[in-house]
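Trainee: I am new to this structure. Could you show me how to read it, one feature at a time?
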Amino acid sequence: MIPKDLTKDIKTRLQSIKGQVEGLIKMLDEGKDPEKILLQFKAAQKGLDKAHYLLLDEAYRKALAIKISETVEACPGNCGYEDRIEFIRQQFPNLHLDNLTTMMKEIAELKQRIGSGNGKENE
């Protein structure tokens with residue numbers, strides 16, 4: 001589930017984009033200058049990209065939080081990766097979207113190593 005404040009932010013952005021699209025249609029109907037129309041397209045696209053980014057960031061952060069929790073549970077304190085897991089956990093609030101994928105892969109690899117080292121099935 002998406003947090004209410006994020007849902008509100010995304011909906012507000014989409015309402016704004018909706019207004020921009022309606023404005024674009026009107027500009028096309030009125031035969032406005034193509035340069036002005038292109039500027040409006042860029043503004044609408046930027047708004048859509050930002051809304052998309054916010055949702056992706058939320059999804060990746062939740063997925064990373066789950067991976068961190070699973071990995072911590074798989075490593076009860078003597079698996080040899082405690083320092084790396086703790087580092088990622090401490091960095092979690094400060095990670096940017098482009099770093100989340102890398103960290104998720106790293107956590108998945110650590111979890112796999114821990115599982116194979118303990119004789120557990122890889123997930």
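Trainee: Which residues does I88 touch, not counting residues up to four places away in sequence?

Mentor: First, a caution: this is a predicted model. Now to the contacts. I88 touches I68, M103, E106, I107 and L110.

Trainee: Which residues have the most contacts inside the largest nonpolar core?

Mentor: They are L64, I88 and I114. That core has 14 residues. Helices α2, α3 and α4 each supply at least two of its residues. The largest share, six residues, comes from α4, the helix that spans 97-117.

Trainee: How do I read the angle at which the axes of α2 and α3 cross?

Mentor: Angles over 145 degrees count as roughly antiparallel. Helix α2 covers residues 34-74, and helix α3 covers residues 82-91. Their axes cross at roughly 155 degrees and come within 11 Å. The two helices are therefore roughly antiparallel to each other. Their crossing is left-handed.

Trainee: Which residues make the contact?

Mentor: From α2, I68, T71 and V72 take part. From α3, the partners are I85, I88 and R89. By type, the residues of this contact divide into four nonpolar, one polar and one charged.

Trainee: Let us turn to A108. Is A108 buried, exposed or partly exposed?

Mentor: Use the cut-offs: buried means under 20% relative accessible area, and exposed means over 50%. A108 has 30%, so A108 is partly exposed. This residue lies in helix α4.

Key:
Residues numbered from 1 in each chain as written. Predicted model: local features only at pLDDT ≥ 70, side-chain atom pairs only at ≥ 80, totals over all residues. Heavy atoms only, no water. Axes fitted to C-alpha atoms, helices over the stretch in contact; angles between N-to-C directions. Helix = DSSP H or I, 4+ residues; strand = E, 2+ residues; numbered from the N terminus. Parallel < 35°, antiparallel > 145°, perpendicular 65-115°, else oblique. Left-handed = near helix turned anticlockwise from the far one by under 90°. Contact = heavy atoms within 4.5 Å. Nonpolar A, V, L, I, M, F, W, Y, C, P; charged D, E, K, R; others polar. Core = buried A, V, L, I, M, F, W, Y, C linked by side-chain atoms within 4.5 Å. Buried < 20%, exposed > 50% of the residue type's maximum accessible area, 1.4 Å probe, protein only.
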